[in-house]
Amino acid sequence: MTVSFPAEWAPQRAVQLTWPRPDGDFARDFDAVESTFITLAVAIAQRQDLIVACGDNTADLRARLINAGAPAARLHLFSVPANDVWARDHGPITVVRNGNAVHLDFVFNGWGNKFEAGLDNQITQALAAQGVWQAPVESLDFVLEGGGIESDGLGTLLTTERCLLAPTRNPQFSKAQIEEKLKTWFGVSRVLWLRHGDLIGDDTDGHIDTIARFCNPGTIAYQSCDDHSDAHFDDLAALQTELRGLRQSNGQPYTLIPLPLPRAIFDDEGQRLPAGYPNFLILNGAVLVPTYGDADNDALALQRLRPAFPDRTVIGIDCRALIAQYGSLHCVTMQIPQI
């Protein structure tokens with residue numbers, strides 16, 4: 001049996017969003033958050049199909065998305081109950097098995113039982129019941145979020161020890177056992193583990209998609225910090241050292257793209273929010289990059305990413321509303337490859 005895990009830059013059929021609820025965690029800033037979702041949804045639907053798990057009023061949302069510029073033929077809205085919006089972590093992770101797509105449905109437990117996630121954990125199966133998926137869904141009794149793993153499409157998986165070895169996820173398994181499971185499920189030959197890199201305010205226990213991302217098999221964009229007075233400096237410097245020590249499967253070092261750290265943003269209680277630029281989404285023909293109203297660093301992040309994606313348009317999407325609940329652009333999306 002042959003198994004592979006497509007990289008995010010592989011051709012995509014669709015992207016899944018889970019729409020925010022007016023009475024959910026974003027209730028206080030719902031209008032701003034929904035505006036961000038509409039901008040994101042239109043940018044996706046202009047390039048490929050968009051699957052939306054949303055509330056009961058699908059006709060109204062569909063009309064608003066069309067009015068905002070989303071092509072009607074690419075919109076696929078389904079009424080599905082949800083706790084929250086983080087589709088990256090409750091959506092299906094797609095692999096290719098013997099030439100056919102399979103959607104892996106792992107357990108989502110609210111990042112180690114930090115938050116209620118019972119409805120979110122059922123979304124993939126609920127969508128399957130409505131005929132959304134063109135491939136079979138396979139449920140696995142293992143806690144794993146899509147934001148916790150990165151694939152280069154050629155047999156290398158990048159992840160973090162802090163997340164995958166968290167005692168609130170799969171404490172019954174050792175690191176070696178988890179690595180073997182990842183190799184079997186995703187058809188990879190190598191798992192590269194990072195020990196450093198953690199954004200203040202991050203609820204995920206250090207998801208890889210907040211700190212280091214493959215742009216192509218030989219290039220990794222990562223969250224850096226040049227300000228010695230910033231609380232992130234030492235840990236992100238250690239992350240940079242780790243990344244410099246990694247090697248591709250051919251023995252060559254990776255080309256590394258340091259992304260600036262956005263200016264610190266705090267919530268009303270004084271909690272620093274986990275703003276970062278690696279939380280971008282690769283689409284057919286585009287890369288959507290979170291921005292944070294920080295003109296200099298926003299522009300610098302886009303500038304540094306563009307050479308890594310010569311065949312795609314790099315577009316900034318204001319995600320200040322999203323980080324109010326400690327996530328960003330990649331966190332609310334899940335791509336479905338075209339197999």
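**Exercise 1. Determine how far apart the closest N and O atoms of Arg 162 and Asp 198 are, and where the two residues lie.**

Solution. Step 1: Arg 162 and Asp 198 form a salt bridge, and their closest N and O atoms are 2.9 Å apart. A salt bridge here is a side-chain nitrogen of Lys or Arg within 4 Å of a carboxyl oxygen of Asp or Glu.

Step 2: Arg 162 lies in helix H6 (residues 161-164) and Asp 198 in the loop between E10 and E11, so the pair ties together parts that are 36 residues apart in sequence. Helices (H or I, at least four residues) and strands (E, at least two) are DSSP runs, numbered from the N terminus.

Step 3: Arg 162 is partly exposed at 40% relative accessibility, and Asp 198 is partly exposed at 25%. The classes are buried for under 20% relative accessible area, exposed for over 50% and partly exposed in between, with a 1.4 Å probe and protein chains only.

The model is predicted: local features need pLDDT of at least 70, side-chain atom pairs count only at pLDDT 80 or more, and totals for chains, interfaces and linings use all residues. Residues are numbered from 1 along each chain as its sequence is written, while side-chain values use heavy atoms, with hydrogens and water left out.

**Exercise 2. State how many salt bridges the structure holds, and describe the one between Asp 205 and Lys 114.**

Solution. Step 1: The structure holds 19 salt bridges.

Step 2: In one of them, the side chains of Asp 205 and Lys 114 meet at 2.9 Å, N to O. This pair links distant parts of the chain, 91 residues apart. Asp 205 is in the loop between strand E10 (190-194) and strand E11 (212-216), and Lys 114 is in the loop between helix H4 (110-113) and helix H5 (123-129).

Step 3: Asp 205 is buried, at 12% relative accessible area, whereas Lys 114 is partly exposed, at 37%.

**Exercise 3. Describe the salt bridge of Glu 179 with Lys 183, and name the residues of the network that includes Glu 8.**

Solution. Step 1: The closest N and O atoms of Glu 179 and Lys 183 are 3.4 Å apart. Because the two residues are four residues apart in helix H7 (residues 175-186), about one helical turn separates them.

Step 2: Glu 179 is buried, with 18% relative accessibility, and Lys 183 is partly exposed, with 24%.

Step 3: A network of salt bridges links Glu 8, Arg 88, Glu 150 and Arg 213.

**Exercise 4. Count the aromatic pairs, and classify the pair of Trp 19 and Phe 37 and that of Phe 26 and Trp 86.**

Solution. Step 1: Rings of Phe, Tyr and Trp (its six-membered ring) pair if their centres lie within 6.5 Å; planes under 30 degrees apart count as stacked, over 60 as edge-to-face and the rest as tilted. By this rule there are 13 aromatic pairs.

Step 2: The ring centres of Trp 19 and Phe 37 are 5.3 Å apart and the planes stand at 70°, so this pair is edge-to-face. Trp 19 lies in the loop between strand E2 (12-18) and helix H1 (30-45), and Phe 37 lies in helix H1, so the pair ties together parts that are 18 residues apart in sequence. Trp 19 is buried at 7% relative accessible area, and Phe 37 is buried at 1%.

Step 3: The ring centres of Phe 26 and Trp 86 are 6.0 Å apart with planes at 55°, so this pair is tilted. Phe 26 lies in the loop between E2 and H1, and Trp 86 in the loop between strand E4 (75-79) and helix H3 (87-90), so the pair ties together parts that are 60 residues apart in sequence. Phe 26 is buried at 3% relative accessibility, and Trp 86 is buried at 4%.

**Exercise 5. Name the residues that form an aromatic cluster with Phe 173, and identify the residue that lies over the face of Phe 173.**

Solution. Step 1: Phe 5, Phe 106, Phe 142, Phe 173, Trp 185 and Phe 186 form one aromatic cluster.

Step 2: Lys 181 lies over the face of Phe 173, at 4.5 Å from the ring centre. A charge sits over a ring if NZ of Lys or CZ of Arg is within 6 Å of the ring centre and within 35 degrees of the ring normal.
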